[in-house]
Amino acid sequence: MDTNKKANIIQSILNKPSLGYTDNFSKREMWKVIAKEFNGEFKIKHNSGNEIEIHNISIPYKKWNIRISVSDSRPLKFNVSFSYSQIFELLLSQEDFFDRIFKKFTKPEIELGWKEFDRHYLIKSNRSDLVKLIMSREIQETLLKYNIYSVSYQCESQSGKAELLSVKQRDAGNKEMIIELIDTFKHLLDNLEKSGIIK
(Lines give C-alpha, C1' and ligand atoms only; values in the text may rest on other atoms or scores of the structure.)
Protein backbone atom coordinates (compact mmCIF):
# COMPACT_ATOMS: atom_id res chain seq x y z
CA MET A 1 0.00 0.00 0.00
CA ASP A 2 1.51 3.39 -0.96
CA THR A 3 2.21 6.13 1.61
CA ASN A 4 -0.60 8.45 0.45
CA LYS A 5 -3.24 5.70 0.69
CA LYS A 6 -2.02 4.74 4.15
CA ALA A 7 -2.08 8.41 5.28
CA ASN A 8 -5.65 8.82 3.96
CA ILE A 9 -6.88 5.70 5.79
CA ILE A 10 -5.26 6.83 9.04
CA GLN A 11 -6.73 10.33 8.63
CA SER A 12 -10.23 8.96 8.02
CA ILE A 13 -9.99 6.79 11.15
CA LEU A 14 -8.81 9.77 13.21
CA ASN A 15 -11.65 11.92 11.91
CA LYS A 16 -14.39 9.50 12.99
CA PRO A 17 -15.94 10.01 16.42
CA SER A 18 -13.47 8.51 18.87
CA LEU A 19 -14.30 5.76 21.34
CA GLY A 20 -11.63 6.96 23.76
CA TYR A 21 -11.40 9.90 26.14
CA THR A 22 -10.18 13.44 25.60
CA ASP A 23 -9.46 16.12 28.17
CA ASN A 24 -11.77 19.12 27.75
CA PHE A 25 -10.51 21.01 30.79
CA SER A 26 -8.22 23.15 28.60
CA LYS A 27 -11.22 24.36 26.52
CA ARG A 28 -13.00 26.07 29.43
CA GLU A 29 -11.67 29.56 28.62
CA MET A 30 -12.50 29.22 24.92
CA TRP A 31 -16.13 28.32 25.72
CA LYS A 32 -16.44 31.21 28.22
CA VAL A 33 -15.27 33.69 25.58
CA ILE A 34 -17.54 32.26 22.86
CA ALA A 35 -20.59 32.25 25.18
CA LYS A 36 -19.90 35.88 26.11
CA GLU A 37 -19.45 37.00 22.48
CA PHE A 38 -22.80 35.45 21.50
CA ASN A 39 -24.68 36.53 24.66
CA GLY A 40 -24.95 32.89 25.57
CA GLU A 41 -24.37 30.75 28.61
CA PHE A 42 -21.59 28.29 29.47
CA LYS A 43 -21.99 25.56 32.09
CA ILE A 44 -19.62 22.88 33.32
CA LYS A 45 -20.99 19.59 34.62
CA HIS A 46 -19.41 16.34 35.75
CA ASN A 47 -20.65 12.78 35.80
CA SER A 48 -21.59 11.15 39.11
CA GLY A 49 -18.05 9.85 39.64
CA ASN A 50 -16.58 13.28 38.83
CA GLU A 51 -14.19 11.76 36.23
CA ILE A 52 -15.82 13.18 33.09
CA GLU A 53 -16.17 16.91 32.41
CA ILE A 54 -19.11 18.03 30.26
CA HIS A 55 -19.30 21.47 28.63
CA ASN A 56 -22.74 22.84 27.73
CA ILE A 57 -23.09 26.10 25.81
CA SER A 58 -26.37 27.77 24.91
CA ILE A 59 -26.44 30.46 22.19
CA PRO A 60 -29.67 32.43 21.62
CA TYR A 61 -30.60 33.03 17.97
CA LYS A 62 -33.90 34.65 16.97
CA LYS A 63 -36.54 32.60 18.81
CA TRP A 64 -34.33 29.51 19.15
CA ASN A 65 -31.48 28.29 21.29
CA ILE A 66 -28.44 26.66 19.70
CA ARG A 67 -27.15 24.13 22.22
CA ILE A 68 -23.56 22.96 21.96
CA SER A 69 -22.17 20.14 24.07
CA VAL A 70 -18.92 18.22 24.32
CA SER A 71 -17.44 16.01 27.00
CA ASP A 72 -14.34 13.98 27.72
CA SER A 73 -16.16 10.91 26.39
CA ARG A 74 -18.56 12.28 23.74
CA PRO A 75 -18.13 14.19 20.47
CA LEU A 76 -18.94 17.83 19.82
CA LYS A 77 -22.69 18.23 19.16
CA PHE A 78 -24.87 21.12 18.02
CA ASN A 79 -28.62 20.85 18.39
CA VAL A 80 -31.75 22.98 18.21
CA SER A 81 -35.38 22.08 18.96
CA PHE A 82 -38.32 23.93 17.45
CA SER A 83 -41.90 23.65 16.23
CA TYR A 84 -42.24 22.49 12.65
CA SER A 85 -44.66 23.47 9.88
CA GLN A 86 -44.31 20.37 7.72
CA ILE A 87 -42.93 16.86 7.99
CA PHE A 88 -39.34 16.81 6.80
CA GLU A 89 -36.65 14.20 7.45
CA LEU A 90 -32.96 14.56 6.70
CA LEU A 91 -29.94 12.41 7.42
CA LEU A 92 -26.59 13.53 6.08
CA SER A 93 -23.67 11.30 7.06
CA GLN A 94 -20.14 10.57 5.96
CA GLU A 95 -20.03 7.99 3.23
CA ASP A 96 -17.84 4.96 3.85
CA PHE A 97 -16.77 2.03 1.70
CA PHE A 98 -19.88 -0.05 2.56
CA ASP A 99 -22.21 2.87 1.77
CA ARG A 100 -20.67 3.09 -1.71
CA ILE A 101 -21.32 -0.62 -2.33
CA PHE A 102 -24.83 -0.45 -0.85
CA LYS A 103 -25.69 2.53 -3.10
CA LYS A 104 -25.17 0.42 -6.20
CA PHE A 105 -28.12 -1.79 -5.18
CA THR A 106 -30.55 0.82 -3.87
CA LYS A 107 -32.41 3.80 -5.28
CA PRO A 108 -30.22 6.80 -6.15
CA GLU A 109 -29.20 9.01 -3.25
CA ILE A 110 -29.80 12.76 -3.16
CA GLU A 111 -26.95 14.70 -4.71
CA LEU A 112 -26.43 18.45 -4.49
CA GLY A 113 -24.29 18.91 -7.59
CA TRP A 114 -20.88 19.57 -6.03
CA LYS A 115 -18.86 16.42 -6.74
CA GLU A 116 -16.51 16.74 -3.76
CA PHE A 117 -19.40 17.09 -1.30
CA ASP A 118 -21.55 14.40 -2.94
CA ARG A 119 -18.63 11.94 -2.82
CA HIS A 120 -18.01 12.62 0.88
CA TYR A 121 -21.60 12.54 2.18
CA LEU A 122 -24.59 10.26 1.87
CA ILE A 123 -27.90 12.19 1.99
CA LYS A 124 -31.29 10.63 2.75
CA SER A 125 -34.53 12.60 2.96
CA ASN A 126 -38.24 12.40 2.25
CA ARG A 127 -37.99 15.74 0.33
CA SER A 128 -35.02 16.13 -2.02
CA ASP A 129 -36.39 19.49 -3.24
CA LEU A 130 -36.18 20.95 0.29
CA VAL A 131 -32.69 19.51 0.88
CA LYS A 132 -31.48 21.38 -2.21
CA LEU A 133 -33.06 24.60 -0.90
CA ILE A 134 -31.58 24.48 2.59
CA MET A 135 -28.11 23.01 1.93
CA SER A 136 -26.48 26.03 0.29
CA ARG A 137 -22.97 25.81 -1.18
CA GLU A 138 -21.67 27.87 1.77
CA ILE A 139 -23.09 25.34 4.25
CA GLN A 140 -21.66 22.45 2.22
CA GLU A 141 -18.21 24.07 2.21
CA THR A 142 -18.18 24.46 6.01
CA LEU A 143 -19.38 20.89 6.63
CA LEU A 144 -16.64 19.58 4.37
CA LYS A 145 -13.97 21.93 5.72
CA TYR A 146 -14.49 20.73 9.30
CA ASN A 147 -15.31 17.15 8.36
CA ILE A 148 -18.66 17.20 10.18
CA TYR A 149 -19.64 13.60 10.84
CA SER A 150 -23.43 13.96 10.50
CA VAL A 151 -26.38 16.34 10.32
CA SER A 152 -29.92 15.13 10.99
CA TYR A 153 -33.36 16.71 11.14
CA GLN A 154 -36.15 14.62 12.69
CA CYS A 155 -39.80 15.40 13.42
CA GLU A 156 -41.70 14.07 16.42
CA SER A 157 -45.34 14.01 15.33
CA GLN A 158 -46.83 13.55 18.81
CA SER A 159 -45.16 16.65 20.28
CA GLY A 160 -45.17 18.77 17.10
CA LYS A 161 -41.46 19.40 17.70
CA ALA A 162 -38.43 18.78 15.53
CA GLU A 163 -34.73 18.59 16.26
CA LEU A 164 -31.74 19.56 14.19
CA LEU A 165 -28.62 17.73 15.36
CA SER A 166 -25.05 17.85 14.11
CA VAL A 167 -22.15 15.74 15.33
CA LYS A 168 -18.47 16.40 14.81
CA GLN A 169 -15.48 14.29 15.78
CA ARG A 170 -14.35 14.18 19.41
CA ASP A 171 -12.02 17.20 19.42
CA ALA A 172 -13.77 20.51 20.20
CA GLY A 173 -11.32 22.33 17.92
CA ASN A 174 -10.50 26.01 18.22
CA LYS A 175 -12.42 29.25 18.60
CA GLU A 176 -12.32 30.13 14.90
CA MET A 177 -13.83 26.76 13.96
CA ILE A 178 -16.59 26.98 16.59
CA ILE A 179 -17.58 30.50 15.51
CA GLU A 180 -17.75 29.39 11.88
CA LEU A 181 -19.89 26.38 12.85
CA ILE A 182 -22.24 28.60 14.90
CA ASP A 183 -22.64 30.93 11.89
CA THR A 184 -23.28 27.93 9.62
CA PHE A 185 -25.89 26.57 12.02
CA LYS A 186 -27.61 30.00 12.02
CA HIS A 187 -27.58 29.98 8.22
CA LEU A 188 -29.12 26.48 8.25
CA LEU A 189 -31.87 27.66 10.62
CA ASP A 190 -32.58 30.67 8.39
CA ASN A 191 -32.90 28.36 5.38
CA LEU A 192 -35.22 25.98 7.26
CA GLU A 193 -37.41 28.96 8.22
CA LYS A 194 -37.40 30.46 4.69
CA SER A 195 -38.37 27.10 3.23
CA GLY A 196 -41.40 26.93 5.55
CA ILE A 197 -40.11 23.80 7.32
CA ILE A 198 -39.93 25.32 10.80
CA LYS A 199 -41.99 27.99 12.53
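A polar contact is taken here as a pair of N or O atoms within 3.5 Å, of which, within protein, one must be able to donate a hydrogen and the other to accept it. In the predicted model, such a pair occurs at the start of helix 7, where a side-chain oxygen of Asn-174 comes to within 3.3 Å of the backbone nitrogen of Glu-176. Helix 7 itself comprises 20 residues, 175–194. The distance from its first C-alpha to its last is 29 Å, close to the 28 Å expected at 1.5 Å a residue. After helix 7 comes Gly-196, with a positive phi near 75 degrees.

Helix 7 packs with helix 6, which spans residues 137–145. The angle between the two is about 145 degrees and their axes lie 10 Å apart; the crossing is left-handed. On the helix 6 side, the contact involves Glu-138, Ile-139, Thr-142 and Lys-145, which meet Glu-180, Leu-181, Thr-184, His-187, Leu-188 and Asn-191 of helix 7.

Burial within helix 6 extends to Ile-139, Gln-140, Thr-142, Leu-143 and Leu-144. Just after helix 6, Asn-147 adopts a positive phi of about 50 degrees.

Definitions and conventions:
Residues are numbered from 1 along each chain as its sequence is written. This is a predicted model: local features need pLDDT of at least 70, side-chain atom pairs count only at pLDDT 80 or more; totals for chains, interfaces and linings use all residues. Side-chain values use heavy atoms; hydrogens and water are left out. Helices (H or I, at least four residues) and strands (E, at least two) are DSSP runs, numbered from the N terminus. The expected span of a helix is 1.5 Å times one less than its number of residues. Axes are lines fitted to C-alpha atoms, for helices over the stretch in contact, and angles run from 0 to 180 degrees between N-to-C directions. A crossing is left-handed if the near helix is turned anticlockwise from the far one by less than a right angle, and right-handed if clockwise. Contact means heavy atoms within 4.5 Å. Buried means under 20% relative accessible area, exposed over 50%, partly exposed in between (1.4 Å probe, protein chains only).
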